[in-house]
Amino acid sequence: MNPMTLTGPEDRTARVRPALGLAWEGRPRELLAACAPVVDVLEVVPDCLVGPSGTIEPGRLIELDELAGTTPLTYHGIGLSLGSTSGWNEDYLRLLDRLFAWREPLWHSEHLGFTHVGGSFLGTMPALPLTNEALDLVIERASAMRAHYGREFMLEHVATPLQRPAEMTLAAFLNALARESGSRLLVDLHNLECDADNGLLDLVEFVDELDWRLVGEIHVAGGTWVDGWHLDVHRGPVATSTLTLLDEILPRATNLGLVLYEVLAAAVPSLGVATVVDQLSGVRRSLEAAIGARTLVGAPA
Amino acid sequence: MNGLAAYEQAVLATLGHAPTGRSDASGTLRDAASQGHQPQQLSGGEVVRWGVHQWAVLGLGSVCPLTMALLGHRGRVDAEVSVHISRGHRPMVLHHWARQFLAGLVDDPDELVANVARLEGLMAGSRHPAADLGGAPPPPRRWVWSRDPEAVLAALLTGRDPAGLPVRHGGVVVRWVDGRMRTA
């Protein structure tokens with residue numbers, strides 16, 4: 001895999017490798033206005049741009065063109081339900097088609113889980129079991145997504161407290177997925193911490209076993225605790241432990257294209273736009289410190 | 001537990017949904033269901049159900065704030081949201097699911113709840129009439145409120161319980177014309 005083939009024509013990501021990004025859920029406008037000049041990439045969540053009609057609200061796209069017209073984009077979906085045995089969610093593909101017709105992303109991504117069973121939305125996203133059957137399914141579908149849209153299609157491990165069957169480790173599953181699907185991985189460090197805190201993952205073993213050269217994007221986020229469970233609800237600042245893990249990982253992830261801060265749109269009013277900008281600055285400092293001399297502005301990869 | 005399909009059914013059972021009865025579910029689970037046994041509950045289910053419920057309250061509150069505010073005054077939010085979740089067949093689009101929620105309340109024994117839900121459903125429907133209501137019949141275009149509707153809405157918008165408003169003798173006839181509520 002050559003990361004240079006994965007960048008778009010307006011390659012602002014070439015300024016710094018890996019690039020700094022922010023997840024964008026379509027609101028609030030003041031967050032976009034404040035952060036678009038600060039980040040290298042915006043990661044748009046297609047599902048969050050859907051309005052009452054069930055389709056992408058044109059106003060959301062106009063807003064992005066107004067405030068982030070030259071900012072490279074990635075798309076990060078929720079509702080594809082890649083792992084549903086009855087097939088993925090075609091409605092999500094229509095959202096993606098609309099967005100691809102509007103602006104081509106650097107790449108797009110989804111989750112190693114399922115949101116629909118029998119056509120009904122679950123209201124949550126269980127992770128796929130770590131089985132050969134699940135691996136075969138997602139390799140086939142991820143390869144199809146990459147071929148159809150002509151862009152790399154990364155997949156992210158889901159954090160959930162739900163027990164799931166396993167025939168292999170998470171790292172072995174992800175290594176095989178990346179090698180056989182032809183797309184890099186999206187690894188969410190906070191998700192890993194959630195699983196570790198919930199007794200579902202040995203984080204040290206995972207970090208040692210995963211081939212970090214296969215990772216194209218990293219997410220960092222804050223979470224919350226409920227009744228002793230560490231939940232992946234992005235409503236706060238990034239924990240020190242997550243930033244420490246990021247610092248440990250960065251030197252190993254030599255094909256990394258993007259490090260991104262995720263925050264819920266609904267959390268921004270209480271968190272504050274200034275806090276989000278400050279979080280981005282903190283991640284930027286980690287990137288610059290870790291990558292050092294090989295991420296000079298304008299330097300070729 | 002055998003296979004992805006069986007795992008899906010276990011997730012459904014853990015979330016409190018009915019099994020889908022898909023033909024490729026594993027024999028073990030289908031046999032269990034036919035014998036009256038529930039598919040196994042997954043550990044971690046309690047906190048996931050709590051999360052689904054919390055997201056549902058947040059989402060419905062953003063789409064039908066008046067009805068949710070009124071249910072809040074009645075202490076019924078959690079119960080009504082739980083009932084709606086348990087119905088299953090949930091569409092991905094929140095606005096469509098919220099309209100189904102409102103449709104389920106238009107015949108509520110509490111006249112205020114029924115009226116506010118009907119009004120909010122009409123407001124949403126006038127913007128997007130094609131939204132799937134899950135087979136629910138369209139609400140009537142004319143109906144009677146026992147209290148001044150505008151006062152009821154003003155109360156809800158300012159965080160007050162409209163139950164204390166005076167009852168109007170003979171009621172107030174409300175019509176829905178061209179996407180607007182009219183009381184004259």
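Visitor: Which residue forms a salt bridge with B:Arg76, and how far apart are the closest N and O atoms?

Guide: The partner is B:Asp108, and the closest N and O atoms of this salt bridge are 2.6 Å apart. The two residues come from distant parts of the chain: B:Arg76 sits in the loop between α4 and α5 (77-86) of chain B, B:Asp108 in the loop between α6 and α7 of chain B, and 32 residues separate them. A salt bridge here is a side-chain nitrogen of Lys or Arg within 4 Å of a carboxyl oxygen of Asp or Glu. Before we go on, please keep in mind that this is a predicted model, in which local features need pLDDT of at least 70 and side-chain atom pairs pLDDT 80 or more, while totals for chains, interfaces and linings use all residues. Residues are numbered from 1 along each chain as written, chains are lettered from A and ligands numbered from 1 in the order written, and side-chain values use heavy atoms, without hydrogens or water.

Is this pair buried or exposed? B:Arg76 has 18% relative accessibility and counts as buried, and B:Asp108, at 13%, counts as buried too. Buried means under 20% relative accessible area, exposed over 50%, and partly exposed in between (1.4 Å probe, protein chains only).

Another link in chain B joins B:Arg74 to B:Asp110, with the closest N and O atoms 2.8 Å apart. B:Arg74 belongs to helix α4 (residues 65-74) of chain B and B:Asp110 to the loop between α6 (94-103) and α7 (111-127) of chain B, so this pair ties together parts that lie 36 residues apart in sequence. Helices (H or I, at least four residues) and strands (E, at least two) are DSSP runs, numbered from the N terminus. B:Arg74 is partly exposed, with a relative accessible area of 25%.

Elsewhere, A:Arg29, A:Glu63 and A:Glu66 are linked in a network of salt bridges.

Staying in chain A, let us turn to its strands. All five of the five residues of strand β12 (residues 258-262) are buried, so the strand is largely enclosed by the rest of the structure. A:Leu258, A:Leu260 and A:Glu262 cover one side, with A:Val259 and A:Tyr261 on the other. In a regular strand, side chains alternate between the two faces of the sheet.

What does β12(A) pair with? Strand β9 (residues 215-221) of chain A runs parallel to β12(A), with five bridges between them, and A:Val220 stands opposite A:Tyr261. β1(A) is joined to β12(A) by four bridges, also in parallel, and A:Leu20 has A:Val259 as its bridge partner there. Two strands pair if DSSP finds at least two bridges between them.

Strand β1 (residues 19-24) of chain A also pairs with β2(A), in the parallel sense over four bridges, and A:Gly21 faces A:Val41 across that pairing. In strand β2 (residues 41-44) of chain A, A:Val41 and A:Glu43 point one way, A:Leu42 and A:Val44 the other, and all are buried.
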